[in-house]
Amino acid sequence: RDYHFGDEVRTIDWNVTARFNDPYVKVFDEERELTVMLIIDVSGSENFGSREKTKKDLALELAAVLSFSALSNNDKVGAIFVSDRVEKYIPAEKGKKHALMILRELIELEPKSKGTNMEEALRFFRTTQKKRSIAFLITDFMDENNFIEGMKIARKKHDLVAIRLVDEAERELPNIGLVQFFHAETGQTTWVNSNSQEAKTLHKKLYEDQEMALLDNLRKSGIDFVSISTSEDFIKPLVKLFKNR
């Protein structure tokens with residue numbers, strides 16, 4: 001473009017300037033290419049859902065939105081599916097075909113384990129991703145391992161965002177009488193009287209204590225996070241998350 005007063009002299013294109021007998025400067029477009037990694041929990045607890053969809057369904061919808069957002073920005077996208085082990089690793093690439101392949105693999109995946117170990121996923125992520133990337137950890141955080149420390153280490157090099165999947169029935173016991181609870185990851189069962197006010201209060205307190213501890217740890221670690229329920233429209237909380245960022 002034409003030279004304007006105040007432009008850096010070093011950006012003047014002398015060949016063009018000589019040809020047109022007027023000063024011209026070079027304009028540079030910054031080359032922007034991000035790598036987006038989806039770290040998705042595929043453990044047994046993701047099959048839980050008390051409404052129209054399960055947490056696994058919600059994870060799939062979020063993966064689709066994030067994958068095609070990356071695609072529209074011409075970014076690479078990859079995925080790590082994890083239970084208590086890395087079930088599948090898909091290196092980051094560009095293109096609609098690749099994004100659709102990630103979603104197809106997530107739909108068709110039959111995990112070898114039902115357990116959860118996010119620390120294993122984060123360790124694998126740090127090992128395989130040498131360049132800085134933005135990673136979305138999509139999980140319900142029902143994990144007894146010390147994943148917070150792994151998140152802190154990952155955050156030192158990468159932009160890590162936590163997306164927590166929740167279901168309303170996990171907080172409030174519905175009035176359905178004597179019911180057998182089944183632990184999707186360990187196979188253990190227990191009977192609970194869901195009409196009992198004492199059981200309801202204890203259940204809610206346990207859930208809220210765990211929730212408060214998790215959110216407090218994420219805040220202290222400086223990790224951006226959002227909780228999304230299986231019964232709500234996930235677009236609004238996602239938009240709010242990115243506006244805050």
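Modeller: Two strands count as paired if DSSP finds at least two bridges between them. The model discussed here is a predicted one.

Colleague: What makes strand β1 and strand β2 a pair?

Modeller: β1, residues 35–41, and β2, residues 76–82, are joined over 7 bridges in the parallel sense. The cut-off is at least two bridges, so the two strands pair. Within this pairing, Asp41 has Val82 of β2 standing opposite.

Colleague: Where do these strands sit in the open sheet, and in what order do its strands run?

Modeller: The order is β3-β2-β1-β4-β5-β8, which makes 6 strands with mixed pairing.

Colleague: Which strands does helix α8 lie across?

Modeller: Helix α8, residues 235–244, lies across β4 (134–139), β5 (159–166) and β8. Its angle to β8 is about 170°.

Colleague: How do you know that α2 and α3 are roughly antiparallel?

Modeller: The axes of α2 (residues 55–72) and α3 (residues 96–108) cross at roughly 170° and come within 10 Å. Angles over 145 degrees count as roughly antiparallel, and the pair is therefore given that name.

Colleague: Which residues make the contact?

Modeller: From α2, they are Lys56, Ala59, Leu60, Ala63, Ala64, Ser67, Phe68 and Leu71. From α3, they are Lys96, Ala99, Leu100, Leu103, Leu106 and Ile107. Sorted by class, the contact of α2 with α3 has 11 nonpolar residues, 1 polar and 2 charged.

Colleague: How much space lies in the largest pocket?

Modeller: The largest pocket holds about 1600 Å³. Its lining has 45 residues, and those closest to the centre are Met142, Glu170, His183, His203 and Gln210.

Colleague: Which elements each supply at least two residues of that lining?

Modeller: They are α5 (147–157), β5, α6 (168–171), β6 (178–182), β7 (189–193) and α7 (197–220). The largest share is from α7, with 10 residues.

Colleague: How many residues of the lining are nonpolar, polar and charged?

Modeller: The lining of the largest pocket has 22 nonpolar, 15 polar and 8 charged residues.

Note on methods:
Residues numbered from 1 in each chain as written. Predicted model: local features only at pLDDT ≥ 70, side-chain atom pairs only at ≥ 80, totals over all residues. Heavy atoms only, no water. Helix = DSSP H or I, 4+ residues; strand = E, 2+ residues; numbered from the N terminus. Contact = heavy atoms within 4.5 Å. Axes fitted to C-alpha atoms, helices over the stretch in contact; angles between N-to-C directions. Parallel < 35°, antiparallel > 145°, perpendicular 65-115°, else oblique. Nonpolar A, V, L, I, M, F, W, Y, C, P; charged D, E, K, R; others polar. 1 Å grid on protein atoms, 1.4 Å probe; cavity = no way out; pocket = protein on both sides within 12 Å on 5 of 7 lines; lining within 4 Å. Points joined across faces, edges and corners; volume = space filled by probe spheres on them.
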